[in-house]
Amino acid sequence: VQLQASGGGLVQPGGSLRLSCVASGSKFNAMGWYRQAPGKQRELVAAITNAGRTNYADSVKGRFTISRDIAKNTVVLQMNSLKPEDTAVYYCNAGAFTVAGAYWGQGTLVTVSS
């Protein structure tokens with residue numbers, strides 16, 4: 001099983017970024033994104049099931065949108081109105097919805113700074 005994430009980078013506050021993750025080797029009932037900022041624990045950003053049920057961290061509600069393409073085995077995180085506190089390494093995750101699944105991508109760095 002492999003999760004390949006892409007789309008991170010440097011963006012100014014208020015800007016947008018789109019993260020994508022492609023899974024290979026298995027199909028999953030749920031996928032999601034977690035993030036880890038320097039000195040902090042890894043936390044859930046958003047998760048989605050194959051049925052379209054979503055779960056967002058309170059800090060990103062209304063700004064981030066998670067979506068899923070089951071046929072392509074991908075998950076996308078559209079991040080708008082980015083804030084400096086969104087700066088972190090973002091990890092694609094697969095295999096569970098209410099807790100982190102067993103499979104992780106390699107992480108992609110998102111930096112929000114002027």
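**Entry 1. Terms and model**

I count a residue as buried under 20% relative accessible area, as exposed over 50%, and as partly exposed in between. With that cut-off E43, at 36% relative accessibility, comes out as partly exposed. I note that the model I am reading is predicted.

**Entry 2. Salt bridges around R35**

I looked up the salt bridges and found a count of 4. I began with E43, whose side chain meets that of R35 in a salt bridge, with 2.8 Å from N to O. Is R35 buried or exposed? R35 has 5% relative accessibility, so I put it down as buried, since the limit is 20%.

Where in the chain do D86 and R35 lie? I found R35 in strand 4, residues 30-36. D86 sits in the loop between strand 8 (74-79) and strand 9 (88-94). The two are 51 residues apart, and the pair links distant parts of the chain. Both D86 and R35 are buried.

I wrote down the network next: salt bridges link R35, E43, R63 and D86.

**Entry 3. Another salt bridge**

I checked D58, which forms a salt bridge with K61. The closest N and O atoms of D58 and K61 are 3.1 Å apart. D58 has 63% relative accessibility and so counts as exposed, being over 50%.

**Entry 4. The disulfide**

How many disulfides does the structure hold? I found 1. As a reminder to myself, a disulfide is a covalent bond between the sulfur atoms of two cysteines. Here the cysteines are C21 and C92, with their sulfur atoms 2.0 Å apart. C21 lies in strand 3 (residues 17-24) and C92 in strand 9, so the pair ties together parts that are 71 residues apart in sequence.

Why is the disulfide called left-handed? I read the torsion about the S-S bond of C21 and C92 as about -85°, and the disulfide is left-handed because of that value. I also looked up the accessibility of both ends. C21 has a relative accessible area of 0% and is buried. C92 is also at 0% relative accessibility and counts as buried.

**Entry 5. Strand 8 and its partners**

I followed C21 across to strand 8, where V75 stands opposite C21. Strand 3 and strand 8 pair in the antiparallel sense, over 6 bridges. On strand 7 (residues 64-69) I found that 6 bridges join it to strand 8, again antiparallel. One of the bridge partners here is M79 in strand 8, which pairs with F64.

Between strand 7 and strand 8 I noted a hairpin with 4 residues between the strands. In this hairpin N73 takes a positive phi near 55°. I counted 5 of the 6 residues of strand 8 as buried, so strand 8 is largely enclosed by the rest of the structure.

**Entry 6. The largest pocket**

Last, I looked for open space. The largest pocket holds about 160 Å³. Which residues line it? I listed R35, Q36, A37, K40, Q41, E43, E85, T87 and A88. By class, I put the lining at 2 nonpolar, 3 polar and 4 charged residues. R35 and E43, both in this lining, are the pair from the salt bridge at 2.8 Å.

Key: Residues numbered from 1 in each chain as written. Predicted model: local features only at pLDDT ≥ 70, side-chain atom pairs only at ≥ 80, totals over all residues. Heavy atoms only, no water. Buried < 20%, exposed > 50% of the residue type's maximum accessible area, 1.4 Å probe, protein only. Disulfide = S-S within 2.5 Å. Pairing = 2+ DSSP bridges. 1 Å grid on protein atoms, 1.4 Å probe; cavity = no way out; pocket = protein on both sides within 12 Å on 5 of 7 lines; lining within 4 Å. Points joined across faces, edges and corners; volume = space filled by probe spheres on them. Nonpolar A, V, L, I, M, F, W, Y, C, P; charged D, E, K, R; others polar.
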